Amino acid sequence: MLRWAAIAAVALLLALLPLYGDAVTIQYGINALLVAVLAQAWNILGGFTGYASFGNSTFYGLGTYGTAIAMAQFGLPFWTGLLLGAALAMLCALLVGIPILRLRGPYFAIATLGLSAALSALVANLDIAGRNIGLILPLTRNDTLFYEASLALLAAATLAVAWLSASRFGMGLIAIREDEDAAAVMGVNTTLYKVVALVLSALFTAVAGGIHAYWITFIDPASAFDSTLNVRMVIMTVFGGPGTVLGPVVGAFILSAIYEALASSISTAAALFFGIVIVLAVIFMPRGLVDLGWGFRRMGPRYLLETVRQYRL
Amino acid sequence: MSAPLLEIAGLSAGYGAVPVLRDIALKVDVGEIVTLVGSNGAGKTTLLRAISRTLGARGRLAFDGRDLAPLSPEAVFALGLVQVPEGRQLFGRMTVEENLLMGAYRRKDAAGVAQSFERVYRLFPVLFERRRQKAGSLSGGEQQMCAVGRALMAAPRLLVVDEMSLGLAPVVVDQLLGVLSDIRGEGVTVLLVEQDVFAAFSIADRGYVMETGRIVREGKVSELAQDPEVRRAYLGVAEGG
């Protein structure tokens with residue numbers, strides 16, 4: 001009960017930020033919220049089933065290009081663009097997921113690795129996508145709108161994950177992560193479940209990309225299909241707590257705050273910082289910040305030793 | 001005499017070009033506890049894989065008169081032929097209760113599932129005490145109980161238990177054997193695959209002895225226990241292959 005009240009209070013505080021925050025804070029907020037959406041979306045497949053996707057930056061790129069093409073080339077309204085981008089990304093998730101998610105283990109991660117490079121090359125040769133110059137979207141100076149849209153999307157993604165973690169479907173996904181053979185025998189249609197999770201992940205990722213494109217008003221192949229963005233999704237989710245409801249959001253907020261602070265002074269320090277974070281996180285808190293919080297409350301600093309021992313590092 | 005629940009005849013199977021099982025014949029009648037014993041590498045687990053359809057095989061393989069050959073592992077499970085696999089295959093980071101619930105994943109009857117829960121918790125009170133604990137944090141014996149409990153949640157008609165005693169303390173093995181006897185009384189037929197011949201014979205009605213991919217002896221366990229060959233194998237002198 002108290003937990004829900006706290007979450008509601010934080011959500012309200014975030015929703016009212018445009019009333020009391022300055023322009024820079026709101027802009028930082030839009031970025032942080034969108035990155036949190038990406039982490040949460042990655043969590044749906046990566047956190048629950050344990051299948052690490054490196055194709056999510058592709059879904060993000062398709063979301064940005066869908067929105068940009070609809071708005072810049074056809075003069076369609078923003079929401080139509082979001083729909084187009086989401087449809088493209090979900091279609092791509094289906095086409096990639098159905099053949100590759102039949103396989104088990106690391107093949108999926110390997111197969112998705114090259115995807116964003118391939119699509120980047122593809123759009124760089126399409127007239128409708130502005131070739132390698134990119135596209136310019138109509139300008140709308142309304143950061144409050146973008147902020148609230150991003151917040152609403154994060155809320156939707158988080159509610160979806162909350163539903164997942166309490167649902168029969170979500171339990172099937174977790175069972176896949178824990179023992180895929182046993183899950184299959186017990187009646188979990190593993191391929192179907194993984195594909196649905198990937199498509200759901202693609203949906204939220206693409207909408208985040210669409211909002212970002214309209215906000216920034218300019219996209220090109222390199223920024224839309226940026227594979228380092230995918231790495232950030234993984235780091236933030238793993239840092240916060242994969243397979244949990246709030247972990248990826250908390251992880252994304254904390255890491256983007258630190259990243260922002262570092263990137264404004266020395267940009268190489270930011271990259272170095274992320275490298276250090278992932279090494280420390282994997283060693284001391286392989287189950288993320290959320291589990292670290294519980295563990296510390298239960299057994300204090302001994303938690304760190306316990307995890308190191310348990311995972312035999 | 002009604003038709004056997006599980007009927008295997010002329011069954012051969014192997015991995016790639018390597019044959020493992022040759023001309024296996026085995027049957028389990030409704031309400032029996034049948035044990036399949038044999039040393040390491042005799043082909044027991046391979047036979048179970050053929051039964052659960054996770055390994056292709058040639059020959060007759062029927063459950064309740066129904067040919068299993070065209071069925072998938074899930075379909076075999078859904079018919080009520082449920083295995084407790086060697087190594088348990090629990091969902092380690094799910095709670096005990098969630099593990100049990102996974103056993104009933106494809107069942108739609110909420111009342112029946114609630115009944116199964118009650119039955120499993122009655123058979124294994126310790127699982128009720130630890131129902132909120134992660135399955136991976138249980139002791140070996142409790143994990144085996146959880147694995148048996150999860151299989152029972154599927155409302156099995158034939159429960160196939162593979163190497164239940166492996167790595168467990170004798171007192172825990174006795175407790176688990178007692179539970180298998182109890183559930184037989186509740187209408188579940190049991191096929192128990194064991195290396196621990198002494199434990200298996202203590203509750204089984206009939207037994208099969210397997211060596212290098214063949215059934216070499218079969219009969220009532222009281223007769224098998226007197227057989228000099230079996231006694232030799234039981235003492236660990238015979239070679240498995």
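Hi everyone, let's start with a sheet in chain B: four strands form an open sheet in the order 2-1-4-5, and the pairing is antiparallel. Its edges are strand 2 (18-28) and strand 5 (66-67) of chain B, each of which pairs on one side only. Before I go on, please keep in mind that this is a predicted model.

A quick reminder for the group: strands of a sheet pair through backbone hydrogen bonds, either parallel or antiparallel.

Now, what does strand 1 of chain B pair with? On one hand, strand 1 (residues 6-15) of chain B pairs with strand 2 of chain B in the antiparallel sense, over seven bridges. On the other, strand 1 and strand 4 of chain B pair, also in the antiparallel sense, over six bridges.

In strand 4 of chain B, the bridge partner of Glu7(B) is Ala62(B).

How do we get from strand 1 to strand 2 of chain B? Through a hairpin, with two residues between the strands.

Helix 1 of chain B lies across strand 1, strand 2 and strand 4 (57-63) of chain B. Relative to strand 2 of chain B, helix 1 runs at about 70°.

Chain B is divided into domain 1 (1-79 + 157-241) and domain 2 (81-155). The C-alpha centres of these two domains of chain B lie 22 Å apart. Where they touch, 24 residues of domain 1 of chain B are in contact with 16 residues of domain 2 of chain B. On the domain 1 side, at least two residues each come from helix 1 (44-51), helix 2 (73-78), strand 7 (158-162) and helix 7 (170-185) of chain B. By class, that side has 18 nonpolar, three polar and three charged residues.

Last stop: the two chains. How many residues of chain A are in contact with chain B? Twelve, and they meet 14 residues of chain B. Helix 9 (168-178) and helix 10 (180-185) of chain A each supply at least two residues of the side that touches chain B. By class, this side of chain A has eight nonpolar, one polar and three charged residues.

Key. Residues are numbered from 1 along each chain as its sequence is written. Chains are lettered from A and ligands numbered from 1 in the order in which they are written. This is a predicted model: local features need pLDDT of at least 70, side-chain atom pairs count only at pLDDT 80 or more; totals for chains, interfaces and linings use all residues. Two residues are in contact if their C-beta atoms, placed from the backbone, lie within 7 Å. Ala, Val, Leu, Ile, Met, Phe, Trp, Tyr, Cys and Pro count as nonpolar, Asp, Glu, Lys and Arg as charged, and the others, Gly among them, as polar. Domain bounds come from an automatic or database domain assignment. Two strands pair if DSSP finds at least two bridges between them. Axes are lines fitted to C-alpha atoms, for helices over the stretch in contact, and angles run from 0 to 180 degrees between N-to-C directions.
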